[in-house]
Amino acid sequence: PVDRLPEIQEARLRLPILAEEQVIMEAVREKECVVLCGETGSGKTTQVPQFLYEAGYASSGGIIGVTEPRRVAAISMSHRVATEMNLPSGVVSYQIRYEGNVTENTKIKFMTDGVLLKEIQKDFLLQKYSVVIIDEAHERSVYTDILIGLLSRIVPLRNKKGLPMKLIIMSATLRVEDFTENKRLFRTPPPVIKVEARQFAVTVHFNKRTPVDNYTGEAFRGILVFLTGQAEVHSVCRRLRKCSLNVQNIQFLIFLKCPYYSQSLSQSLPRINLDSYSALPVDEGDEDRQAGIDDNDNEGSDLELGDHPDKEKADPSIPLYVLPLYSLLAPEQQAKVFSPPPTGARLCVVATNVAETSLTIPGIKYVVDCGRVKKRFYDRVTGVSSFKVTWISQASANQRAGRAGRTEPGHCYRLYSSAVFGDFSLFSEAEITRRPVDDLVLQMKDLNIEKVVNFPFPTPPSSEVLISAEQLLISLGALEEPPRRGRLGEMERARLSCPITPLGRAMAAFPVAPRYAKMLALGRQQGCMPYIITIVAAMTVREIFEDYDRPAGSEEENTKMAGKKARCVQMRRLWAGQGQSVQLGDLMVLLGAVGACEFAGCTHQFCEENGLRYKAMLEIRRLRGQLTNAVNAVCSDAGVYVDNKMAPPTASQVLCLRQIVLAGLGDHIARRVQAEELLDPKWRNGYKTPLLDDPVFIHPSSALHKTLPEFVVYQEIMETTKMYMRGVCAVQAE
Ligand code: ADP
Ligand code: MG
């Protein structure tokens, strides 16, 4: 029996999913797998684990596992469910890559999908679990897809063994055919239960002449703004804090003050009049194509904010309580969005995509949607990555709009016309079709899935991508070389079913991508292991340096930012070391930064003063611990430990480290453009790689920017203003 507080009980009863409890639990009892669809906010994540708990799924030793694609969601949902159930975190717990609070008493465990995948490697049948819930399946994250493929096999195996297990796939959209109609995945399609969202109507506003009613008494009704990235979030937050506004002004402000949007939008929505929005249902069409472009309508467009007396009268201005929300933000900052704003102020959350489906921010009535998302793109052939801002899908736009209709009817202001909306793709594509899969292939091989092409992927990656993954793994020594004989077709097939080598098994035990796992596997020479562990940890954590290049607001802030940046540049130079170690380039900077930070006790203050991202440094610390344990587990005589007072590597160790790095990044080699190849002045200081016609460059912030060694290896190529190599290390030219 669960002892919930009365106010929690009351709030639960208002959730649409409560009405479906019987139907859901009956389906779960009868079927191995159930698919559950329901709008964001209908109560899937917080309530279904509780239904299962109350139905006894955690009472005979098994636990209820819930996977989330995002760490933020795993942590905050475990807290929320613990609160609702009035149970301690030792019972409703979470586990993410670096941390968790799981105990022996854990009954409900929220985790990232990657964590569960690792657990399958240890115990293919997942015997601890009585139920696994795959949440946010509509996001189609790579690990979620793979988990569904694996669980489609694990669940029947468990039942055959007399250890029954259930699978519940939850999605915020109705697009679940990839799971239900994929005969390779589920021979008998699982039942789909739809939760009727008792979502309040959300009025979607385009630029037509219909004033939105007045705003009196609108305090406590929150605003959620969707933007594409951290820098934008900060710049809009800063501007919003300076003024108190109503929601229309906010949209207006984003138009005016983010040149990016106003530029690109000026074609579709040239001038915006604050008082002329039309209210159209989401699905209605294109009629604003010509509307609103009327030049007589634009008297509002040159207004400075706050300089609008009429508006002010209608809207007794309510101070905004502005909070940023994005995934790199420190957890305690992220958590702020769940608490009520200060009395008399209106909550305004300026967020990236993280707020689209996984988190429910209470009390949102207004959504302002920029219609875009920043995504990582990966070129299949060349391996070049870039972040690009693209239009979202219609499904995403509707998700975002839906966030406004939680507690009462809401409004969504779209910074694009309905014509543009009509051109959006219907759904976002599965992540697995957009990134390399070498890590997945290695993990599958380790699970003895030899013919990865035959794996029941909900959406299979192209065979091209699978082949290049196997090729990389062969070159790293993780898979056996295929026989060289045979006709071409046979060879292709053979290449797709190479068995794993003992080295490959060791590599699969490390929670990092195969390239880095290879480095760890070689790390024992000359006492290099602690350094390699540190370098790998730092390379696999996102962005260890604070970004001081974002557009600042005031003069004063600019100066402060410039000072911090200068300090950061100076520190990087220091960390790059002297003598031999300089050759390690950016990897020495990482090593030096982590070393210095740990030496100082990894404090917030040290990070702040030296341009390091505190959250990243904490992640590196945990990952170092985890990798150290993994190394000791793989080779019992390794005897490595985490040393917080690491001495810099000696000259011969530096040489050794460079060889180890080269072994992992051997296909990421680049050679300086030779004088006779200098056809174009733009090629100066450029590097040639085997796969690209155009040169790549060493970024000005790199430790090797001045040195320009003849041969280098790089972690990745990132295309921004130019194609830049990231994580550059010099290699010996022999
Ligand atoms: P779904 O998974 O279907 O999107 P959730 O279970 O996440 O829905 O959320 C259901 C409801 O629980 C939300 O509408 C919100 O009112 C409430 N809720 C969720 N998390 C919190 C929280 N941290 N604080 C307050 N209320 C919350
Ligand atoms: Mg959810």
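Start at G577: this residue follows helix 21 and has a positive phi, near 75 degrees. This is a predicted model, in which local features need pLDDT of at least 70, side-chain atom pairs count only at pLDDT 80 or more, and totals for chains, interfaces and linings use all residues. Residues are numbered from 1 along each chain as its sequence is written, while chains are lettered from A and ligands numbered from 1 in the order in which they are written.

**Helix 21**

Select residues 555-575, which form helix 21. Helices (H or I, at least four residues) and strands (E, at least two) are DSSP runs, numbered from the N terminus. The expected span of a helix is 1.5 Å times one less than its number of residues. The 21 residues of helix 21 should therefore span 30 Å, and the end C-alpha atoms are 30 Å apart, which agrees.

**The whole protein**

Zoom out. The protein has 25 helices and 21 strands. Of its 734 residues, 46% count as buried (20 or more other C-beta atoms within 10 Å of the residue's own, with C-beta atoms placed from the backbone).

**Strand 12**

Select residues 346-351, strand 12. Six of its six residues are buried. In a regular strand the side chains alternate between the two faces of the sheet. On strand 12, one side holds R346, C348 and V350, the other L347, V349 and A351.

Strand 9 (residues 222-226) pairs with strand 12 in the parallel sense over four bridges. Strand 11 (residues 320-325) also runs parallel to strand 12, over six bridges.

**The nonpolar core**

V349 also belongs to the largest nonpolar core, which has 186 residues. Such a core is a set of buried Ala, Val, Leu, Ile, Met, Phe, Trp, Tyr and Cys residues joined through C-beta atoms within 7 Å. Among the members that touch the most others are V225, V350 and V712.

Pick V712. Beyond four places in sequence, its contacts (C-beta atoms, placed from the backbone, within 7 Å) include A670, Y687, L704 and M725.

**Ligand 1**

Finish at ligand 1. Of the 16 residues around this ligand, T40, G41, K44, T45 and T46 come nearest (near: C-beta atom, placed from the backbone, within 6 Å). Helix 3 (44-54) and helix 4 (71-85) each give two or more residues to the shell. Helix 3 gives the most, with four residues.

Note on methods:
A residue is buried if 20 or more other C-beta atoms lie within 10 Å of its own, exposed if 12 or fewer, and partly exposed in between; C-beta atoms are placed from the backbone. Two residues are in contact if their C-beta atoms, placed from the backbone, lie within 7 Å. Two strands pair if DSSP finds at least two bridges between them.
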